[in-house]
Amino acid sequence: MTWAAAIPVIGKIIEKIIPDPQKAAEAKRSLVDMAVKGELDELAERAGIIKAEAHGDGWLQRSWRPMVMLIFTALIVARWLGWSAPDLSEAVELKLFSIVQLGLGGYIASRGIEKVAEKIRR
C-alpha cells in the first residue's frame, strides 16, 4: 500500500483518536506534509527496525527498549522517594521524565492505533 492510499485510512484513525475537529485537521495536515517531504518513508524504516528487534532471536535484542524505559522510570521514582544521587540535577531529572513520557505516550498511541487499525481492516 502506498502512502497516498494509506493517508485516508490514517486520517480516519486520527479522527477517532483526536476528538477535537480542529486539532484532528492539524494532525491530518501534518501527515500530508510528512508524506510530501518523504518523512513517512523514514518513519516506516524506523518502525521496521523496531519490529525486527522485537522479533529478534536474542532476549537482549528483544528486551533492551523496555528495559531502558523501566530503568528511567525507576530513576524518576527513586528521585521522588529521595533515593537518588544527590548531584542529579533538576535538568537531568526533567530530561528523564520527558523520555519516559515520550516512551509511554508512544506505547499508548501505538496500541490505540493497532486496535483501531484492526477494526478498520475487518
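Predicted model: local features only at pLDDT ≥ 70, side-chain atom pairs only at ≥ 80, totals over all residues.

User: Why is Gln101 called partly exposed?
Analyst: Buried means under 20% relative accessible area, exposed means over 50%, and partly exposed is in between (1.4 Å probe, protein chains only). Gln101 has a relative accessible area of 46%, so it is partly exposed. Gln101 lies in helix H5.

User: Why is Ser63 called buried?
Analyst: Its relative accessibility is 15%, so Ser63 falls under the cut-off of 20%. Ser63 sits in helix H4. Ile76 and Ala78 in H4 are also buried. Across the protein chain, buried residues make up 14% of the 122 residues.

User: What makes the pair Ser63 and Trp59 a polar contact?
Analyst: A polar contact is a pair of N or O atoms within 3.5 Å; within protein, one must be able to donate a hydrogen and the other to accept it, and residues adjacent in sequence count only if both atoms are side-chain atoms. A polar atom of the Ser63 side chain lies 2.9 Å from the backbone oxygen of Trp59, so the distance is within the limit.

User: How do you know what span to expect for H4?
Analyst: The expected span is 1.5 Å times one less than the number of residues. H4 has 22 residues, so 32 Å is expected; its first and last C-alpha atoms are 31 Å apart, which is close.

User: Where is the kink in H4, and what is the bend angle?
Analyst: The bend at a residue is the angle between axes fitted to the seven residues ending there and the seven starting there. In H4 a kink of about 40 degrees lies at Arg65, shortly before the proline Pro66.

User: Why do Lys28 and Glu15 count as a salt bridge?
Analyst: The rule asks for a side-chain nitrogen of Lys or Arg within 4 Å of a carboxyl oxygen of Asp or Glu. For Lys28 and Glu15 the N to O distance is 2.3 Å, so the pair qualifies. The pair links distant parts of the chain, Lys28 in helix H2 (residues 21-37) and Glu15 in helix H1 (residues 3-17), 13 residues apart. By this rule the count is one salt bridge.

User: How exposed are Lys28 and Glu15?
Analyst: Lys28 is at 27% relative accessibility, so it counts as partly exposed. Glu15 is at 44%, so Glu15 counts as partly exposed too.

User: Why is Ser84 called partly exposed?
Analyst: Ser84 is at 24% relative accessibility, so it counts as partly exposed. Ser84 lies in the loop between H4 and H5.

Definitions and conventions:
Residues numbered from 1 in each chain as written. Heavy atoms only, no water. Helix = DSSP H or I, 4+ residues; strand = E, 2+ residues; numbered from the N terminus.
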